[in-house]
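Thanks for coming, everyone. I'd like to walk you through one model today. Please have a look at it first.

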Amino acid sequence: MKENDFRSVWLLLAGFCAAAAVVLALCVTARSQMPDTVGRMLTAEETVQITARNSPMTEYVYLSPNADFPPGDAIRKVTVHHMAGDLALEDLGASFARRDRRASSNYAIDSSGRVALYVEEGNRAWSSNSLANDDQAVTIEVANDQVGGDWHVSDTAFETLIELCVDICRRNGIPELRYTGDETGTLTLHSMFYDETECPGPYLKSRMGELAGEVNRRLKSG
Ligand SMILES: [Zn+2]
């Protein structure tokens, strides 16, 4: 090897070390941004504090690590998902607690109309296979009281979905929900961003125009 070759190798090595240091620093920063309330059981006081800056309809809180802290954008949209099952809120929380699932949602509604919070509205949930959408959206999983078929949801869950959308719009200054059937609207669906999912299923999809209409009627009537 000539002297010049040695110098190139050392430069390359130094460059690699510098890059590694930057990556390490970024990892440490990302970790330190994750609130210490994430990924563990919360005290009653912590639950009250967290609920106070999210929906007052929340009855169960378990904060998932599968999220970005904090997100980028202001909240302008609501995205509807279905659970593809009739899960208890605690069981969905346990699923979102697993880092290898790399999935979460802001809220979920079970078949009896109870509401869970897994990712605070101020943080970005990993829900819709679209960072751009999840950046601006509050995402909601709804339980199915019929598994398969049209993936029906209970009347109670649907009514709670309306109320939760109204509450999210009011607190975040969203004047109305627009359902356009594609990603340009302010009411969006998982399947708009990912060809390989039918989420939220035929039943909820068939009622999205009605959902937007009823949410807007309630928003206008105060
Ligand atoms: Zn989904």
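In S8, which residue is the bridge partner of threonine 79? It is threonine 188.

Before I go on, some ground rules. This is a predicted model: local features need pLDDT of at least 70, side-chain atom pairs count only at pLDDT 80 or more, and totals for chains, interfaces and linings use all residues. Residues are numbered from 1 along each chain as its sequence is written. Helices (H or I, at least four residues) and strands (E, at least two) are DSSP runs, numbered from the N terminus. Strands pair if DSSP finds at least two bridges between them.

Contact here means C-beta atoms, placed from the backbone, within 7 Å.

S3 and S8 run parallel, joined by three bridges.

Is S3 mostly covered or mostly open? Mostly covered: six of its six residues are buried. Buried means 20 or more other C-beta atoms within 10 Å of a residue's own; exposed means 12 or fewer; partly exposed is in between, with C-beta atoms placed from the backbone. Lys77, Thr79 and His81 point one way from S3. Val78, Val80 and His82 point the other way.

Next, aspartate 145. Where is it? In the loop between S7 and helix H5 (155-172). Aspartate 145 is partly exposed, because 17 other C-beta atoms lie within 10 Å. Leaving out residues up to four places away in sequence, aspartate 145 touches Asp86, Ser111, His152, Val153 and Ser154. Tyrosine 179 is 34 residues from aspartate 145 in sequence and 24 Å away in space, C-alpha to C-alpha.

Last, the domains. The assignment gives domain 1 (1-33) and domain 2 (44-220). Those bounds come from an automatic or database domain assignment. The C-alpha centres of domain 1 and domain 2 lie 42 Å apart.

How values were computed. Two residues are in contact if their C-beta atoms, placed from the backbone, lie within 7 Å.
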